[in-house]
Amino acid sequence: MSVHKGISNQLSQKNREINLFIQLDKEREVAIAHAAELCAANEPFTTDRINELSLQINELAKQGSIPTRTYVTPQMVEEFVNKKRS
């Protein structure tokens, strides 16, 4: 019975990690879209929120079951916006 409980606990933990990753990744995508919108409108923007979320995701990824995310620079956002314009 204790083996079953141990496996169940591990699966529950992995499920929580995956759900948290999904939530953080969605928030990161929204932050990227917002920065791109501001950039496209020639408004000031930062990548601070994007990178805060990237840090949280990367810390979670140290558990070994989810992918990491790249930190984003303002230049990366500008390049993305310029490619969309072309």
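This report describes the fold, the first helix, the loop after it, the salt bridges and the surface of a predicted model.

## Basis of the model

The model is predicted: local features need pLDDT of at least 70, side-chain atom pairs count only at pLDDT 80 or more, and totals for chains, interfaces and linings use all residues. Residues are numbered from 1 along each chain as its sequence is written, and side-chain values use heavy atoms, with hydrogens and water left out.

## Overall fold

The protein chain has 3 helices and 0 strands. Helices (H or I, at least four residues) and strands (E, at least two) are DSSP runs, numbered from the N terminus. The order from the N terminus is α-α-α.

The C-alpha atoms fill a box of roughly 60 × 20 × 15 Å along the principal axes.

Of the 86 residues, 27% count as buried. Buried means under 20% relative accessible area, exposed over 50%, and partly exposed in between (1.4 Å probe, protein chains only). The accessible surface of the chain is about 6200 Å². Carbon and sulfur atoms hold 56% of that surface. Areas come from the Shrake-Rupley method with a 1.4 Å probe; for residues, only the protein chains shown count as cover.

Contacts (heavy atoms within 4.5 Å) also describe the fold. Among those between residues at least 6 apart in sequence, 58% join residues at least 24 apart.

## Helix α1

Helix α1 covers residues 2-40. Its 39 residues should span 57 Å at 1.5 Å a residue, and its end C-alpha atoms are 57 Å apart, which agrees. The expected span is 1.5 Å times one less than the number of residues.

The buried residues of α1 are Glu17, Phe21, Leu24, Asp25, Arg28, Ala31, Ala35, Ala36 and Cys39. They pack against α2 (48-61) and α3 (74-85). An α-helix has 3.6 residues a turn, so residues three or four places apart point the same way.

Val30 also lies in α1. At 56% relative accessibility, Val30 is exposed. Its C-alpha atom is 10.0 Å from that of Arg49, 19 residues away along the chain.

Asn42 follows α1 and sits in the loop between α1 and α2. Its phi is near 55°, a positive value in a residue other than glycine. Asn42 is exposed, with a relative accessible area of 68%.

Asn58 is in helix α2. Asn58 is buried, with a relative accessible area of 14%. Leaving out residues up to four places away in sequence, Asn58 touches Thr68, Arg69 and Tyr71.

## Salt bridges

The structure holds 6 salt bridges. A salt bridge is a side-chain nitrogen of Lys or Arg within 4 Å of a carboxyl oxygen of Asp or Glu.

The side chains of Glu27 and Arg49 form one, at 3.0 Å from N to O. This pair links distant parts of the chain: Glu27 is in helix α1, Arg49 in helix α2, and they are 22 residues apart. Glu27 is partly exposed at 29% relative accessible area. Arg49 is partly exposed too, at 39%. Glu27, Arg49 and Glu52 are linked in a network of salt bridges.

Arg28 pairs with Glu29, the closest N and O atoms being 4.0 Å apart. Arg28 is buried, at 6% relative accessibility. Glu29 is partly exposed, with 41%. Glu59 bridges to Lys62, with 3.0 Å between the closest N and O atoms. Glu59 is partly exposed at 40%, whereas Lys62 is exposed at 61%.

## Nonpolar surface patch

Val3, Ile7 and Leu11 make a nonpolar surface patch of about 310 Å². Patches are made of residues with over 30% relative accessible area and no salt bridge; like charges are joined within 9 Å, and nonpolar side chains (Val, Leu, Ile, Met, Phe, Trp, Tyr) within 5 Å. Leu11 lies in helix α1. Leu11 is exposed, with a relative accessible area of 56%.
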